[in-house]
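Here's a quick briefing to read with the model open in your viewer.

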Amino acid sequence: MGSLLNESFSIELQQLDAASTDTARKERTQWLLTSPNPPSLWHELINTVKETVLPRGKTTKQSRKGAFFSFMQGLFPILKWGRNYKATKFKHDLMAGLTLASLCIPQSIGYANLAKLDPQYGLYTSVVPPLIYAVMGSSREIAIGPVAVVSLLLSATVPKLVDPAVDPIAYRNLVFTATFFTGAFQAVFGLFRLGFLVDFLSHAAIVGFMGGAAIVIGLQQLKGFLGINHFTTKTDVVSVLVAVFKSFHNEPWFPLNFILGCSFLVFILITRFIGKRNKKMFWLPAMAPLVSVILSTLIVYLTKADQHGVKIVKHFKGGLPPSSVHQLQFKDPHIGEVAKIGLICAIVALTEAVAVGRSFASIKGYHLDGNKEMTAMGCMNLVGSLTSCYIGTGSFSRTAVNFSAGCETVVSNIVMAITVLISLELLTKLLYYTPLAILASIIISALPGLIDINEAYHIWKVDKTDFIICIATFFGVLFGSVEIGLLIAVGISFGKIIVDTIRPSVELQGRLPGTYTFCDITQFPVATEAPGILIIRVNNASLCFANANFIRQRILRLVKHTTDGHTKKKINVLVLDMSNVMNVDTSGIVALEELYRELISQGMQLGIASPSWKVINKLKAAKFLDKLGKGWIFLTVGDAVDGCLTSKMDV
């Protein structure tokens, strides 16, 4: 019976591939065995640097000149698109920039307050970084400036080193130093093409982090919304609610702050609803924050509400952003903690900016280079740290306004920055009576966009493990701190990667009838196994110290289940499909040697199919092929099955 199955299987294989003769199969195996050695790690590193830095082709004088201009255009994209810039585009960019400034000015003041800085530093961050990005950035729509999440990160981490209420100057200097480190890390990520580091925050982690941060930011605004003088420096829900409860008992409460804040919050939300219903009215929600600031300031000034408990901004400096070079604290005893804060902020800011930029770039139909964006973000934050700015990045809400306003290029950022600069020169005195409750309401109105319940539900339907990461990050931020939430997200993500690496799956392969395709017999029950041959595929990119022993045991378990199960099939050859294995280390080779010895002791032969370039090279170097026999190495699984069947095995 076994011989009949063998003959029918062999005949079908010959019909499917008549050219697959024994000679041709051996020739294909020789291609595999005589392939040149892959480049070493050192050569790969040198080639990567050459591709990144040096021009391709012949290094003639003309080519070097062209390469220099190409390099400069890559570093400063404005040199490329600026030559074709037309007045018709400027008309759209001008309107978009002015609309953007009307939203940016009140938001920047509010975000500076969230970061526990004076209002002018939020406005400075809306002047210098956008100008630098306009020269170096490649996104046409992204709006640069301070954002809520990064402001929260600073206010949650830096006060642990220096209390801003006790020493505001030292606090501000550490914020500038953290901004410098943020820019340095971002620039290094971009120059050395380390963008994959940003991916350590998975999509699920970002959804959970943004949702938790939005609630925490909203709770932080209760200080300005209710006019509370003494407030906790902690960000978790319990501490904030306890601080609010204590303020009602220990401090006088002035309801005018709450009334002003609620009134204009309702106004802003109504304008946003109108803007969503009628796309032509996009300018209305964009102008609403600035209108709220102007009207509330006039109300407070005319009614003298500040004398009745309404908290106001009071005087803050205007003018050009001053130099902060000498305020950077590289000799501070907390410099290690500041660098760590800079790294966290760099990753979070880049994650938000790249996600925002790519989202709108896909709508416009062009590609956004993540590494170039990182370099641009890094340079703008480095320069910003030297000009009294704190960390800036791409804002989703302002980018959406910029896009809706019809921006054509990053000139809209230049228009916005110039408008903010004019405001710093002329309008700072007029903002003296601006109530803090209005700034709180502006920030609160921007928070619903950070909470994406639909996306969280989508994650639940697609991947339950990712949903656990999302929820854990959300509650970590909400009831712990921002750092705890991020650590939970990265920790669970790494744990998932480690588990997938150390416990990879192995699957039995069979041939689909009428084809020469081999696939998982569990997924495709119609697939048939070759008589006397067991085909097992390893589903992992690396056979290494972390999983080699586990994979060996799983393979032996499958062999035992096949030979000792209900069918009790006789197995002569085990074909190991290594098409998914891209690399192997010494532990993996030792595991293969042990597997080979155990199979030989049971009267079976081991065959290896589809080994990658690095795998076959290391197997040759370890002399494993000499033990196995070069006749048991095959280019494909089909060659392995055909070779085993035509060798006239006794089955």
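A quick cut-off first: buried means under 20% relative accessible area, exposed means over 50%, and partly exposed is what falls in between. By that scale K116, at 27% relative accessibility, counts as partly exposed. Keep in mind that this is a predicted model.

**Overall build**

- The protein has 651 residues, and 50% of them count as buried.
- Its secondary structure comes to 28 helices and 10 strands.
- Along the principal axes, the C-alpha trace spans about 105 × 70 × 55 Å.
- Take the contacts with a sequence separation of 6 or more: 82% of them come from residues 24 or more positions apart.

**Transmembrane annotation**

- An unreviewed UniProt entry lists "transmembrane region" for several spans, among them 174-194, 254-275 and 403-423.
- How does the model treat residues 174-194? The chain there is 86% helix and 0% strand, with the end C-alpha atoms 26 Å apart.
- Residues 254-275 come out at 95% helix and 0% strand, and the end C-alpha atoms of that span lie 33 Å apart.

- Helix α17 covers residues 370-385, and its 16 residues reach 22 Å from first C-alpha to last, close to the 22 Å expected at 1.5 Å a residue.
- Is α17 enclosed or open? 12 of its 16 residues are buried, so α17 is largely enclosed by the rest of the structure.
- The buried residues of α17 include E373, N371 and N381, along with M374, M377 and M380.
- Helix α19 (residues 411-426) has 16 residues too, which should span 22 Å at 1.5 Å a residue; its end C-alpha atoms are 23 Å apart, which agrees.
- On α19 the buried residues are V411, S412, N413, V415, M416, A417, V420, S423 and L424.
- A helix has 3.6 residues a turn, so residues three or four places apart point the same way.
- What covers those buried positions of α19? The cover includes the helices α5 (78-81), α6 (87-114), α7 (119-125), α8 (128-136) and α18 (396-404), plus the strand β1 (143-145).

**The largest pocket**

- Rolling a probe the size of a water molecule over the atoms shows where empty space is left.
- The largest pocket has a volume of about 1,100 Å³.
- Its lining is made of 34 residues, and N113, K116, L117, K223 and L436 lie nearest the centre.
- Which helix gives the most to this lining? That's α10, with 4 residues.
- At least two lining residues each come from α6, α7, α10, α12 (222-226) and α20 (436-446).
- By residue type, the pocket lining divides into 18 nonpolar, 9 polar and 7 charged.

**Cavities**

- The count comes to 3 cavities of 30 Å³ or more.
- About 80 Å³ of space lies in the largest cavity.
- The largest cavity is lined by 13 residues, with L543, I551, I555, L576 and L592 closest to its centre.
- α24 (548-564) and α25 (586-601) each supply at least two residues of that lining.
- The lining of the largest cavity splits into 11 nonpolar, 1 polar and 1 charged.

- K116 sits in the loop between α6 and α7. Its phi is near 65°, a positive value in a residue other than glycine.
- S388 has a phi near 65° as well, again positive in a residue other than glycine. S388 lies in the loop between α17 and β2 (393-395).
- Is S388 buried or exposed? S388 is buried, with a relative accessible area of 2%.
- For context on those two angles, most residues other than glycine have a negative phi.
- N173 is found in helix α10 (residues 168-191). With a relative accessible area of 9%, N173 is buried.
- Leaving out residues up to four places away in sequence, N173 touches Q327 and Q329.
- L558 is in helix α24. Not counting residues up to four places away in sequence, L558 touches V506, L508 and I536.
- L558 and V383 are 175 residues apart in sequence, and their C-alpha atoms are 61 Å apart in space.

Note on methods:
Residues numbered from 1 in each chain as written. Predicted model: local features only at pLDDT ≥ 70, side-chain atom pairs only at ≥ 80, totals over all residues. Heavy atoms only, no water. UniProt positions renumbered as here; feature names shortened; annotations may be inferred. Expected span 1.5 Å × (residues − 1). Buried < 20%, exposed > 50% of the residue type's maximum accessible area, 1.4 Å probe, protein only. Contact = heavy atoms within 4.5 Å. 1 Å grid on protein atoms, 1.4 Å probe; cavity = no way out; pocket = protein on both sides within 12 Å on 5 of 7 lines; lining within 4 Å. Points joined across faces, edges and corners; volume = space filled by probe spheres on them. Nonpolar A, V, L, I, M, F, W, Y, C, P; charged D, E, K, R; others polar.
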